[in-house]
Each structure stands twice: as C-alpha cells, then as structure tokens.
Amino acid sequence: MNNFGVFGRREKIKLTDYINSYYPFTFKNNVQISFESLANHSSGLPRLPDNLKPKNPMNPYKDYGKKEIKLYLTNSLKIESKPQTTYAYSNLGAGLLGYTLGLSQEMNFQDLLQKKVFDKYKMKNSFTSSQNLKDNLIKGLNKNGEVVSNWDFDVLFGAGGVLSTTEDLATFAKAQFNAKNSALALTRKPTFTVNDKMKMGLGWHILKSDNDKEIFRHNGGTGGYSSSMAISVDEKTAVIILSNVSGINDKVDALCFELLKQTIKE
C-alpha cells in the first residue's frame with residue numbers, strides 16, 4: 001500500500017520516490033523532495049515561492065508558469081525545516097505535487113484530474129477553469145460584499161484551482177465510504193504525525209472527534225471563495241460548506257465541525 005493510488009503511473013509511483021527524476025534539471029543544492037512529503041506538507045518548503053510576484057495581486061497565480069517554477073527550483077529553492085520532521089502547510093508544495101504528477105503521466109495536472117477523478121466519479125459539475133462557465137459560476141465576493149476576480153492557475157493549479165459544487169463533492173465523499181476503494185483508502189492512511197491531536201494522510205488532515213472517531217478534513221480559500229469539507233468514514237457522514245465570500249475560513253470551518261459533530265452518533 002505504498003503506491004500513489006489515485007494517480008498511479010504505468011509503473012507506479014512510490015510515495016517515497018523523489019519528484020526530481022521528472023525534471024530535466026538539478027534542483028538547487030541538489031535538494032531531493034519526495035512525493036509523500038509534498039502530500040502531507042512535511043517537505044520543508046515555504047508556503048509560497050519567493051519569485052511569485054504577480055502582475056495582478058487580485059489574480060496572484062495566473063502568471064506563474066513553467067519558466068517561473070524552473071527558476072525557483074534551480075535558483076531559489078529553500079527548505080525551511082528538515083523534511084519529514086515538521087508540518088507546515090505549503091501552497092507551493094501542493095502545486096508542485098500536482099504539477100509533477102502531471103509530468104509523470106505526460107499531461108498537465110488539470111487533464112489528469114479530469115480523467116482520474118472528475119470522470120471516474122461522475123463529477124460533471126467540477127471544473128479546472130472558470131473560463132466559459134458564465135452564469136453557472138457564482139461570483140466571488142470579499143468580506144465587504146464586493147465582487148472580486150476569480151483566481152486562475154498555471155503550474156501551481158494543485159494549490160487551489162478546482163471549481164466544484166456541493167453535489168459533486170458529496171459524490172466524492174460517498175466514494176470515500178466504499179471499503180473496496182483502495183485508492184481513496186490510501187489517501188486517508190496516516191503518513192505523518194503533527195501532534196497528539198492531528199495526523200496527516202495524503203492531503204487529508206486527520207483529527208479525532210469528541211467520541212474518538214476519525215475525522216478527515218480539508219478547507220480552502222481563494223479570491224472570493226471559502227470552503228470546508230469534513231467526513232467521518234466510520235459514520236458514513238460528511239459535511240461540505242462552500243461560500244462565495246473570501247476570508248471567512250475560520251467561521252466556515254467552525255460551522256463545518258459543529259454540523260459534523262451534531263450528525264455523528266455519540
């Protein structure tokens with residue numbers, strides 16, 4: 001159970017494999033970065049690359065492409081803590097993980113996500129771009145109620161590029177309850193212990209409820225949007241909250257946990 005179940009390559013990727021072999025250049029100081037450390041945020045990478053200098057701060061990831069990530073990895077790569085010793089959430093790490101998974105399959109991560117997740121689980125209203133969605137996309141607002149720009153992603157798409165609906169995410173949550181789905185089960189397997197209250201799976205934050213049941217959660221925030229999702233596989237219960245207001249993740253998370261708490265059997 002040490003292979004990348006959701007995005008396995010033809011000759012499968014091991015979690016302990018380094019991403020370096022998928023790049024035709026050497027990382028600064030010959031730093032080696034494993035797939036697992038990116039997935040559980042123990043890579044030591046900073047939250048953002050230091051050469052992320054957006055032309056438009058309201059759409060910060062749009063212009064960060066292949067040229068920029070190469071320059072960062074070869075000239076500016078910085079490891080802030082010894083890998084696999086400290087948890088530090090990294091948008092750079094999540095984006096780099098997605099980008100590398102795409103390279104491993106010789107396609108971009110957006111197409112890989114469409115093929116391996118959206119199509120597989122029949123998530124027909126999940127998208128990798130806000131383009132051409134027209135009135136189907138609810139406009140995002142800031143905390144003052146003002147409409148703000150959608151964020152567009154290039155190589156760091158894995159940091160937060162998905163657009164979806166509660167219905168599609170509920171479908172994905174239900175797939176987690178399928179005991180025969182070994183690929184999704186792998187993502188929920190603990191790979192790093194943060195402290196006595198939280199562990200990390202592959203992307204999932206793993207917490208304990210008041211009655212000692214495991215809760216798998218993740219949240220997100222981009223321009224104009226806040227989201228939170230928490231599931232209990234034991235109880236086959238999930239809570240998904242999507243808001244078109246940015247900067248309110250603390251409130252959305254608190255509501256998500258409270259609703260899940262109310263639904264989990266004591």
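Predicted model: local features only at pLDDT ≥ 70, side-chain atom pairs only at ≥ 80, totals over all residues.
Trainee: What does the protein chain average for pLDDT?
Mentor: The average is 94, and 95% of the residues score at least 70, pLDDT being the predictor's confidence in each residue, from 0 to 100. Over residues 1-9, however, the pLDDT is below 50, and this stretch has 34 contacts in the model beyond near neighbours in sequence, a contact meaning heavy atoms within 4.5 Å.

Trainee: Which residues touch the most other members in the largest nonpolar core?
Mentor: Those are Y23, I33, I69, L73 and L96, in a core of 52 residues. A nonpolar core is a set of buried Ala, Val, Leu, Ile, Met, Phe, Trp, Tyr and Cys residues joined through side-chain atoms within 4.5 Å, where buried means under 20% relative accessible area, exposed over 50% and partly exposed in between, with a 1.4 Å probe and protein chains only.

Trainee: And which elements give two or more residues to this core?
Mentor: They are α1 (35-39), α2 (66-76), α3 (91-104), α4 (109-118), α5 (166-176), α6 (182-187) and β5 (225-232); helices (H or I, at least four residues) and strands (E, at least two) are DSSP runs, numbered from the N terminus. There is also a second, separate core of nine residues, with A230, V239, V252 and L260 among them.

Trainee: What does I33 touch, not counting residues up to four places away in sequence?
Mentor: The partners of I33 include D17, Y18, F27, L45, L77 and L96.

Trainee: Switching to rings, how many aromatic pairs are there?
Mentor: The count comes to twelve, with rings of Phe, Tyr and Trp (its six-membered ring) pairing if their centres lie within 6.5 Å, and planes under 30 degrees apart counting as stacked, over 60 as edge-to-face and the rest as tilted. Y23 sits in the segment before α1 and Y99 in helix α3, 76 residues apart.

Trainee: Are Y23 and Y99 buried or exposed?
Mentor: Both Y23 and Y99 are buried. Elsewhere, Y61, F109, W151, F153 and F157 form one aromatic cluster.

Trainee: OK, how many salt bridges does a search of the whole structure find?
Mentor: The search finds three, a salt bridge being a side-chain nitrogen of Lys or Arg within 4 Å of a carboxyl oxygen of Asp or Glu. D210 pairs with K261, the closest N and O atoms being 3.3 Å apart, and D210 is in the loop between β3 (205-208) and β4 (214-222), while K261 is in helix α7 (residues 249-263).

Trainee: Where do D253 and R217 lie?
Mentor: D253 forms a salt bridge with R217, the closest N and O atoms being 3.6 Å apart. D253 lies in helix α7 and R217 in strand β4, so the pair ties together parts that are 36 residues apart in sequence. D253 is buried, with a relative accessible area of 11%, and R217 is buried at 11% as well.

How values were computed:
Residues numbered from 1 in each chain as written. Heavy atoms only, no water.
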